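Dear colleague,

I am handing over the structure that you will be working with.

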Amino acid sequence: MSSSLSAPFAPAVPVVARKPFLLTPHQGEAARALLVHVSALPLTTADAQLLATVVVIRAARSGIGNLTGQDVRTLRLADPDGAVTAFASLGWQGHEALLGGDLVTPVGVSVTDLAGRPDARLPFGKVMRSRVSGWTVRTLSAKPVKKTSTAARLAALFLAAHGPADEHGTLPAHLPDHCRAALPELLEKGFLRELDGERYLLADSVRHLAGMRPLPDVRPGTRDEPEGPSWQEWKDRASVALRRHVEAVEGCPECALSTARVSEAFMRKALPAQFGVKARTAYGVWAAKYPDQGPAAAEAAAAFRAAHGHGPSVKQLCEALGWGKMSRELRIHVVRRLIAEGWLTNTEPVPWTLRPGKAAQAAAGAAAPSLSAGAVRGQVSRGPGHVSAEITSSG
């Protein structure tokens with residue numbers, strides 16, 4: 001019998017279910033922003049850059065990253081003391097406490113380029129920061145990565161964040177040179193399936209770490225379950241009015257939103273917002289601090305539409321009005337109340353459609369420009385697929 005034939009009673013190869021993706025496309029963008037930020041720091045060693053990645057993601061929201069000596073030890077740096085000392089050149093404060101023998105007491109490292117300047121902080125919400133931080137830990141602890149050099153583990157973060165799940169990726173331009181030199185390690189250990197010049201392909205065992213997952217997989221309530229139309233198919237089935245609005249948002253040079261961000265917002269299934277006691281209490285505090293905000297909100301929404309060609313999201317409106325730090329729930333509650341009072345309106349559930357409401361129009365004596373509510377609402381009621389509520393997609 002020819003040796004090319006398989007044995008008649010060869011055992012069946014078990015089908016192994018693929019692991020769910022750890023990051024949504026929007027969270028993948030955040031992971032890449034984190035690595036771009038770290039690569040721009042004046043640090044010269046892989047040890048210092050890897051430790052800085054952990055500190056920065058923990059400091060992304062407040063400007064202070066808390067970690068312990070055990071956290072540093074877990075990174076298995078070749079020269080941990082040298083990595084900590086290197087932070088002095090950045091002007092970071094508090095890191096000196098990590099040089100002692102205490103492994104359990106948290107140390108707050110103040111990242112000066114993130115602290116005290118909200119506009120300079122990485123655009124991470126609480127959930128996104130947590131997800132990207134978890135992705136960092138899972139990537140560094142992945143089996144093909146655990147026993148590699150520091151440079152190789154740092155490279156794994158860059159390649160996972162910039163890598164498509166099932167297609168060839170291109171090495172990021174800001175990949176440190178020592179990481180490039182360590183890429184053969186990742187190929188040898190099985191983190192990469194292919195490495196050819198500037199092109200690489202993630203191994204199937206680590207595809208769930210990819211920061212550029214396929215758009216059809218982006219469905220709320222699911223992790224790795226493709227369903228529904230692709231983004232292009234969704235747009236092809238949209239009405240003329242809805243398609244025009246989508247293109248205004250997607251092509252807005254002022255917002256500069258990614259395709260992944262826009263597609264998630266429009267295709268996400270609308271869910272009703274629930275407001276608990278905490279949100280209602282926070283609203284009472286906010287209303288006392290910012291009374292009679294209806295006219296200002298209507299004016300800001302109109303000004304935004306004039307400048308962008310589409311309405312603001314809930315978050316964009318609240319930031320434009322300078323209402324300070326607000327939770328997502330509070331932003332939603334505030335805008336819902338302004339809509340109920342007639343100062344604002346929107347074409348729910350289509351995102352980015354906030355505009356002045358009837359009370360504002362009556363006060364101004366003229367109707368504000370708006371997206372045709374009837375045309376869009378008719379399209380939404382018939383499909384295509386699911387679209388998200390304004391307050392759900394953009395809070």
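A residue is called buried when its relative accessible area is under 20%, exposed when it is over 50%, and partly exposed in between, using a 1.4 Å probe and protein chains only. The model is a predicted one: local features need pLDDT of at least 70 and side-chain atom pairs count only at pLDDT 80 or more, whereas totals for chains, interfaces and linings use all residues. Residues are numbered from 1 along each chain as its sequence is written, and side-chain values use heavy atoms, with hydrogens and water left out.

The protein chain has 395 residues, of which 47% count as buried. Its secondary structure comes to 18 helices and seven strands; these are DSSP runs numbered from the N terminus, helices being H or I with at least four residues and strands E with at least two.

Salt bridges come next. The term denotes a side-chain nitrogen of Lys or Arg within 4 Å of a carboxyl oxygen of Asp or Glu, and a search of the whole structure finds five. One of them joins Asp 166 to Arg 207, with the closest N and O atoms 2.7 Å apart. Asp 166 lies in the loop between helix H6 (150-162) and strand S3 (169-170), and Arg 207 in the loop between strand S5 (199-202) and helix H9 (231-236), so the pair ties together parts that are 41 residues apart in sequence. Asp 166 is partly exposed at 37% relative accessibility, whereas Arg 207 is buried at 4%.

Another salt bridge links Glu 247 and Arg 243, whose closest N and O atoms are 2.9 Å apart. Both residues belong to helix H10 (residues 240-250); because they are four residues apart there, about one helical turn separates them. Glu 247 is partly exposed, with a relative accessibility of 41%, and Arg 243 is also partly exposed, at 23%.

Which cysteine sulfur is closest to that of Cys 255? It is the sulfur of Cys 252, at 3.8 Å, which is too far for a bond. A disulfide is taken as a pair of cysteine sulfur atoms within 2.5 Å, and by this rule the count is zero. Cys 255 is buried, with a relative accessible area of 15%.

Finally, helix H15 (residues 328-340) has 13 residues. Its buried residues include Leu 330, Ile 332 and Val 335. After H15 comes Gly 342, which has a positive phi near 90°.

Yours sincerely

Conventions: The expected span of a helix is 1.5 Å times one less than its number of residues.
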